[in-house]
Amino acid sequence: MQLAAIIVSLVLTVVGVALLARAIGQFVRYFKLGQPVPAGTRTDNPYQRSVTLVREFLGHTRMNRWGIVGFAHWFVAVGFLTLPPTIITAYGQLFEADWTLPVIGGFLPYELYIEFIAAMTTLGIITLMAIRLLNLPSRPGRKSRFAGSKMGQAYFVEYVILTIGLAIYVLRGLEGALHHVDHFEAAYFASYPLILAFKGLGLGTLQNLVYFTAMVKLGTTMIWMITVSLNTNMGVAWHRFLAFPNIWFKRNATGGTALGGLQPMTSGGKPIDFTDPGEDDVFGVSQVEQFSWKGLLDFSTCTECGRCQSQCPAWNTGKPLSPKLLIMSLRDHAHAKAPYLLAGGGKTMEGEEKASEEQLKDVPAAALAEAERPLIGTLEENGVIDPDVLWSCTTCGACVEQCPVDIEHVDHIVDMRRYQVMIESAFPSEAGTMLKNLEKKGNPWGWPRSSAWSGPRRSTSRSRSSAATSRTCPRSSTSTGSAAPEPWRTAPRRPPRPSPSCCTSRASSSRSWAATRSAPVTPPAAWATSRSSRSSAWRTSPR
Ligand code: HEM
Ligand code: SF4
Ligand code: SF4
């Protein structure tokens, strides 16, 4: 028994550790595929970022909004981070059944802690399993927040933790029996019933049970390691590592969610200068690798918990959009396409392949096929995100507000829309009238210029708008209205009417960059301006 346990455990360990090291390397190369972010935006105030991370993790501040789930998860997560000494003990027990850790092995506070945290981790995962089973996606309609989540992967992760938790207890009970614990001791306060159960077994039997249980514990850990290493898109497993950097690099160092004014439109990590855009500037996102590395990190971190989905007004009113499924689709696509990109693959703006045949010769066929999928496209076009999904978003921000791992859905959705509008001139037909009104009448409703802003209330709005626009012309924005200075963003709910001179120069400057890309100009520019000001007005109002 002992020899078999040693061989099985060590072989699985070698394979598991090697694959995990490979997976970590893959992740590093994968994140490097993303675009840089503007300097300092994700690393400013490192002390405050660390405080935010500790607060969000130890306090489970965002998880605890959902009561018992957060409480149960806290013990599972803390157990995972603090139970590694039990892994070392299990390796020792493979060779010597009554082996304990030097120095702390028999130290009462350590033993109390292990008994307590292992019990709570086991109870915690049982609670999470029960919650998942009570919310099965088979529930009618869209009620289950797990609808569309990869349930098999979640069950796997749950059963692994349950098995490891129980194995720790059995080993503690066997340890107590081997050490002849014959009355209740605080050091075995949780595992004492097991000691009683093992009482009377012979030494050889107890030793064999130790070898076997240690093998089960280590083998389960390593099978988990092998499985997640071979599935780098397994968010429910990988978030336990990735959630930490994702929270640390969140947009606001102080912990605020990534809401408010939209981010400037950037290309290669630099805000685009719309008065004189660079020849190689990329407008928005049309390929998954055009997201920033933080975007790729966001996608990989999703736990598929469905909180965003459960709060999404689009999902709850029967629209095709679920923020969770959108993030999952982007993640799965990015991971599937990664081997092609890492081999140097990619498409120029004209759609030509950048890599040579030689470079792509070892790329798996599945990755090459994935690379051919348009990021935005219908089912017939084999698109990753359907245009109907993309345009169903109201940019309300409820998903961002909810997400416990701080994924920034709205920014990603807006980036994809920016490309669609500015380069493809593709947007819902309903927006056409509004864009035309904006262009011709200066307001989205088509009110005549003379009367649109008349009347006591309207003139108040206008004077406030004019004040705002005259103080900070949107042209000074680094992107098409999206990074306008504060007065512009906090302008009244109705989009302010830009001054004529401002409009003229906006249109002409837009034309200068758009001409190089042969895309219609004025509607997109107007659209982007109106959306960003409207969105920020919505988002600054209380929810
Ligand atoms: C800042 C760190 C972390 C955050 C924000 C986080 C967040 C989450 C969220 C939101 C879920 C979905 C739970 C639900 O709503 O049903 C989840 C699930 C889970 N997390 Fe974490 N997590 C973190 C760290 C960890 C760590 C370190 C572990 C270590 C084991 C872990 C293990 C799990 C497991 C096993 C599940 C699946 C539970 C289920 O199936 O319902 N998490 N996590
Ligand atoms: S911002 Fe969009 S995706 Fe997120 S909850 Fe609102 S409508 Fe849904
Ligand atoms: S995006 Fe966030 S809230 Fe939505 S399923 Fe993923 S982890 Fe949960």
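## Two loops with positive phi

Val103 sits in the loop that links helix H4 (84–95) and helix H5 (108–134). This is a predicted model. In it, phi of Val103 is near 65°. That is a positive value in a residue other than glycine. Most residues other than glycine have a negative phi. Is Val103 buried or exposed? Val103 is exposed, because its relative accessible area of 81% is over the 50% cut-off.

Asn45 belongs to another kind of setting by accessibility, but it too lies in a loop, between helix H1 (2–32) and helix H2 (46–58). Phi of Asn45 is near 50°, again positive in a residue other than glycine. The relative accessible area of Asn45 is 41%. Asn45 therefore counts as partly exposed, since that class runs between 20% and 50%.

## Where helices H10 and H13 cross

Helix H10 covers residues 293–301, and helix H13 covers residues 323–342. Their axes come within 8 Å. The crossing angle is roughly 110°. H10 and H13 are therefore roughly perpendicular to each other, because angles of 65 to 115 degrees fall in that class.

Which residues make the contact? H10 contributes Leu296, Asp298, Phe299 and Ser300. H13 contributes Ile327, Leu330, Arg331, Ala334 and His335. By class, the residues of this contact divide into 5 nonpolar, 2 polar and 2 charged.

## Around ligand 2

The residues around ligand 2 include four cysteines by name: Cys312, Cys393, Cys396 and Cys399. Pro313, Leu321, Pro323, Ala398 and Val410 are also there.

How many residues of each class does the shell hold? It has 9 nonpolar and 3 polar residues, with no charged residues.

## Around ligand 3

Ligand 3 is surrounded by 13 residues. The closest are Cys302, Cys305, Cys308, Cys403 and His409. The shell divides into 7 nonpolar, 3 polar and 3 charged residues. Cys302 is buried, with a relative accessible area of 8%.

## Cysteines and disulfides

How many disulfides does the whole structure contain? The search finds 0. A disulfide is a covalent bond between the sulfur atoms of two cysteines.

Methods:
Residues are numbered from 1 along each chain as its sequence is written. Chains are lettered from A and ligands numbered from 1 in the order in which they are written. This is a predicted model: local features need pLDDT of at least 70, side-chain atom pairs count only at pLDDT 80 or more; totals for chains, interfaces and linings use all residues. Side-chain values use heavy atoms; hydrogens and water are left out. A residue is near a molecule or strand if one of its heavy atoms lies within 4 Å of it. Ala, Val, Leu, Ile, Met, Phe, Trp, Tyr, Cys and Pro count as nonpolar, Asp, Glu, Lys and Arg as charged, and the others, Gly among them, as polar. Axes are lines fitted to C-alpha atoms, for helices over the stretch in contact, and angles run from 0 to 180 degrees between N-to-C directions. Helices (H or I, at least four residues) and strands (E, at least two) are DSSP runs, numbered from the N terminus. Angles under 35 degrees count as roughly parallel, over 145 as roughly antiparallel, 65 to 115 as roughly perpendicular and the rest as oblique. Contact means heavy atoms within 4.5 Å. Buried means under 20% relative accessible area, exposed over 50%, partly exposed in between (1.4 Å probe, protein chains only). A disulfide is a pair of cysteine sulfur atoms within 2.5 Å.
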